[in-house]
Amino acid sequence: MTNRVFNFGAGPGMLPTAVMEKAQREFMDFKGIGASIIEISHRSKDFEELLNDTDRLFKDLISLPENYRLLYVHGGAQMQFSAVPINLMGRTPARKGLYVDSGRFAHMAAQEAQRFGEVQVIASSQSTNYDHIPEITPDMVDQDAGYCYITSNNTIFGTRWNRFPQTGTVPLVADSTSELLSRKTDINQFGVVFAGTQKNLGPSGLALVIIREDLLGFAPKETPNLLDYATYHKDHSLTNTPNTFAIYMIHLVLEWLTGQGGVEAMEKVNNQKAALLYDLIDTSGFYTAYARPQDRSIMNVCFNLPGEELLNRFLKEAGAQGLYALKGHRALGGVRASIYNAMPLEGVRALANFMKTFEQKNG
Ligand SMILES: Cc1ncc(COP(=O)(O)O)c(C=O)c1O
């Protein structure tokens, strides 16, 4: 393929080249039926097979325990900021959600939940502009709450939870939008894990929701049908027409990931990619990493340069060399290299080489 850059954008993010090529090849004629995947019914045998196979691949990749269900939910990750409190606050009479404010999306989720019941922010790193993950001890978790909510990887600030909090009988809910399938994770630790699909999974607009079966059925009667997890479970996410193209792309990505050796193999490469950048930053007197070392993300590497003028030159020159979308989020500034599963080691090496040369010229 010509003109493909190394895309460090935070999302929608880069997809594997092999996936893009396969989608292109199959676009006009899905499996020899003479029509595109986006032209056939979501109730057709061909689509049903695709959905079943997507479930199978996903279950294998994350070693999904028997008592968990997979839902493909409309509306991206932010819709889950509403869906989580709607579906889980009623689990206990307190109608209460506990939140850890570890970044902008966590903050937004806590604000949204206030529409539906009581929200208690049990810890926050806002005062240091989210440069670390706050510590949670078991005594901080009110056992009367419906759930405890965390953002497992903070996309904007480049931090992640390395050890998940112990919440007793309170189900732990994780927004894993920017890291699902990037590291081996024991799903049994969670009540719900959700992810917007536009980073490690495929195109935007859907969320994948992994939910423990006993947590279904707590949404109040007046809940819109398509915000109730139980609806998605009952109808295998086919109550109405889902984003069939996104599910098709997710299937291709999961096939690709399986071919790469699965999550464990991918995690090794991801660690290698992140270490390449963090080691370079830490040993340079020129670049400074944003997140505290113990909480650093391996998906979003945030750093800065000495001064705005150098930063702008860095971004411009990097762009000219095919290192695309490195500008940090407007809430933080600096540089953010999002190195999701699809970013090859070769792309990170190209960035590291560029950084070394830039430092030699300007340091
Ligand atoms: C951790 C996290 N949560 C939520 C969102 C919001 O996703 P969406 O635009 O799909 O609502 C993002 C988007 O980047 C994110 O990184």
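The model is predicted: local features need pLDDT of at least 70 and side-chain atom pairs count only at pLDDT 80 or more, while totals for chains, interfaces and linings use all residues. Residues are numbered from 1 along each chain as its sequence is written.

**Two domains**

Begin by colouring residues 18-259 as domain 1 and 261-362 as domain 2; these bounds come from an automatic or database domain assignment. Their centres, taken over C-alpha atoms, are separated by 27 Å. Next, select the interface, where 24 residues of domain 1 are in contact with 24 residues of domain 2 (contact: C-beta atoms, placed from the backbone, within 7 Å). On the domain 1 side, α2 (45-62), β7 (159-160) and α6 (244-259) each supply at least two residues. Helices (H or I, at least four residues) and strands (E, at least two) are DSSP runs, numbered from the N terminus. By class, this side of domain 1 has seven nonpolar, ten polar and seven charged residues; Ala, Val, Leu, Ile, Met, Phe, Trp, Tyr, Cys and Pro count as nonpolar, Asp, Glu, Lys and Arg as charged, and the others, Gly among them, as polar.

**The ligand**

Now centre the view on the ligand. Of the 13 residues around the ligand, Gly76, Ala77, Gln78, Thr155 and Gly196 come nearest (a residue is near if its C-beta atom, placed from the backbone, lies within 6 Å). Helix α3 (residues 76-88) contributes the most to this shell, with three residues. The shell comprises two nonpolar, ten polar and one charged residues.

**An open sheet**

Move to strands β11, β12 and β14, which form an open antiparallel sheet in the order β11-β12-β14; two strands pair if DSSP finds at least two bridges between them. The edge strands, β11 (288-289) and β14 (335-338), each pair on one side only. Two bridges join β11 to β12 (residues 300-304), and Ala289 has Phe303 as its bridge partner in β12. Helix α7 (residues 262-283) packs on the sheet, touching β11, β12 and β14, and its direction makes about 15° with that of β12.

**Two helices**

Axes are lines fitted to C-alpha atoms, for helices over the stretch in contact, and angles run from 0 to 180 degrees between N-to-C directions. Show the side chains of Val269, Gln272, Lys273, Leu276, Leu277 and Leu280 in α7, which meet Leu345, Val348, Arg349, Ala352, Met355 and Lys356 in α9. The residues of this contact divide into eight nonpolar, one polar and three charged.

Note on methods
Contact = placed C-beta atoms within 7 Å.
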